[in-house]
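Hi everyone, thanks for coming. I'd like to walk you through one model today, chain by chain and then contact by contact. Have a look at it first.

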Amino acid sequence: MPKNKADLLQGTLDMLILKSLSLGELHGYGIIQRIRQLSDEMLKVEQGSLYPALYRIEQKGWVSSRWDVHETGREAKFYKLTRAGRKQLETEEASWDLLCLAIAKVRQAT
Amino acid sequence: MKWFNILRDRIRALRRRETVINDIDREMRLHLELQMDANIKAGMSPTEAREKAMRSFGNLNRAVDAAYDVKGGGIFETLAQDIRYGLRMLAKHKAFTSIAIITLALGIGANTAIFSVVNELLLRPLPYRDADRIVTVWEVSPEGRHQNSTSSANFSAWQEQTH
């Protein structure tokens with residue numbers, strides 16, 4: 001369970017990044033765009049917070065990265081979900097669902 | 001494995017700080033360019049597209065710094081800086097350094113010497129069974145002389161009486 005708001009936000013960002021990568025390899029810009037599209041333009045991840053989070057996730061071994069040529073001909077760093085990352089995504093989604101369920105139950109109380 | 005990856009990144013950042021920062025910079029610059037392309041596609045003029053992309057990034061240097069802090073920096077880099085600074089200062093003040101080294105050498109040497117003696121004599125138990133029950137026997141001759149050598153007959157008698 002998250003200890004405070006900052007933890008909650010960081011944990012959420014991790015989950016969103018993992019989720020966006022679960023659909024395929026992406027570079028940093030692509031991750032932000034995919035999260036934006038998938039959320040119907042409601043979630044806008046800041047570049048300033050994306051990269052530190054991405055590097056931290058990489059250190060945890062949930063994603064791996066490699067440099068490759070982007071479709072525009074420029075070099076880009078592509079990120080890919082690892083097996084451990086896929087597992088982590090499942091765990092985080094499950095605990096997120098549980099949290100939503102718990103909050104819904106509290107809110108429905110009369 | 002997490003601590004191992006962090007350690008590997010930090011050591012890499014210590015040895016190749018420029019490369020690590022360059023990588024981050026390159027990655028973020030591409031991000032900026034792709035954002036610009038998208039802005040131009042959306043109908044903005046190149047200048048406008050660039051400004052808007054920069055704005056969405058916030059302060060680019062700060063973003064690079066924040067990202068670098070994950071890969072390097074922190075306690076490792078500060079520690080390495082402090083050690084280098086300390087060594088430079090020691091090299092600069094030669095008299096102080098030699099006195100400090102001699103003081104330490106003598107101090108450690110004297111301590112080691114005294115400890116080896118104390119350890120042998122006082123701390124280490126005697127290599128016999130029931131070492132705390134070992135005694136030294138003295139006898140006093142009729143003339144009042146103390147001596148701890150005795151005749152074999154006396155020795156046998158003592159041995160018998162102590163068992």
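**Chain A to begin with**

Of the 110 residues in chain A, 39% count as buried, where buried means under 20% relative accessible area, exposed means over 50%, and partly exposed is in between, with a 1.4 Å probe and protein chains only. Before I go on, please keep in mind that this is a predicted model: local features need pLDDT of at least 70, side-chain atom pairs count only at pLDDT 80 or more, and totals for chains, interfaces and linings use all residues. Residues are numbered from 1 along each chain as its sequence is written, chains are lettered from A and ligands numbered from 1 in the order in which they are written, and side-chain values use heavy atoms, with hydrogens and water left out.

Chain A has four helices and three strands; these are DSSP runs numbered from the N terminus, H or I of at least four residues for helices and E of at least two for strands. Along the sequence their order is α-β-α-α-β-β-α. Chain A exposes about 6700 Å², and carbon and sulfur atoms supply 55% of that; the areas come from the Shrake-Rupley method with a 1.4 Å probe, and for residues only the protein chains shown count as cover.

A:Glu41 is partly exposed, with a relative accessible area of 45%.

**Now chain B**

Of its 163 residues, 21% count as buried. Chain B has seven helices and two strands, which run α-α-α-α-α-α-β-β-α from the N terminus on. Chain B exposes about 12900 Å², with carbon and sulfur atoms supplying 60% of it.

Chain B also has a positive phi to show you: B:Asp130, not a glycine, has a phi of about 50 degrees. B:Asp130 sits in the loop between α6 (94–123) and β1 (139–140) of chain B, and is partly exposed at 41% relative accessible area.

**Helix against helix**

How do helix α1 (residues 2–15) and helix α5 (residues 74–92) of chain B pack? Their angle is about 40 degrees and their axes are 9 Å apart; axes are lines fitted to C-alpha atoms, for helices over the stretch in contact, and angles run from 0 to 180 degrees between N-to-C directions. That makes α1(B) and α5(B) oblique to each other, given that under 35 degrees counts as roughly parallel, over 145 as roughly antiparallel, 65 to 115 as roughly perpendicular and the rest as oblique.

In this pairing, B:Leu7, B:Arg10 and B:Leu14 of α1(B) meet B:Gly74, B:Phe76, B:Glu77 and B:Ala80 of α5(B), contact meaning heavy atoms within 4.5 Å. Leaving out residues up to four places away in sequence, B:Phe76 touches B:Leu7, B:Arg10 and B:Leu14. B:Phe76 is partly exposed, with a relative accessible area of 31%.

**Between the chains**

Finally, helix α2 (residues 28–38) of chain A packs with helix α2 (residues 17–41) of chain B at about 50 degrees, axes 8 Å apart. Here A:Gly28, A:Tyr29, A:Ile32 and A:Gln33 contact B:His31, B:Leu34, B:Gln35 and B:Ala38. This pair, α2(A) and α2(B), is oblique too.
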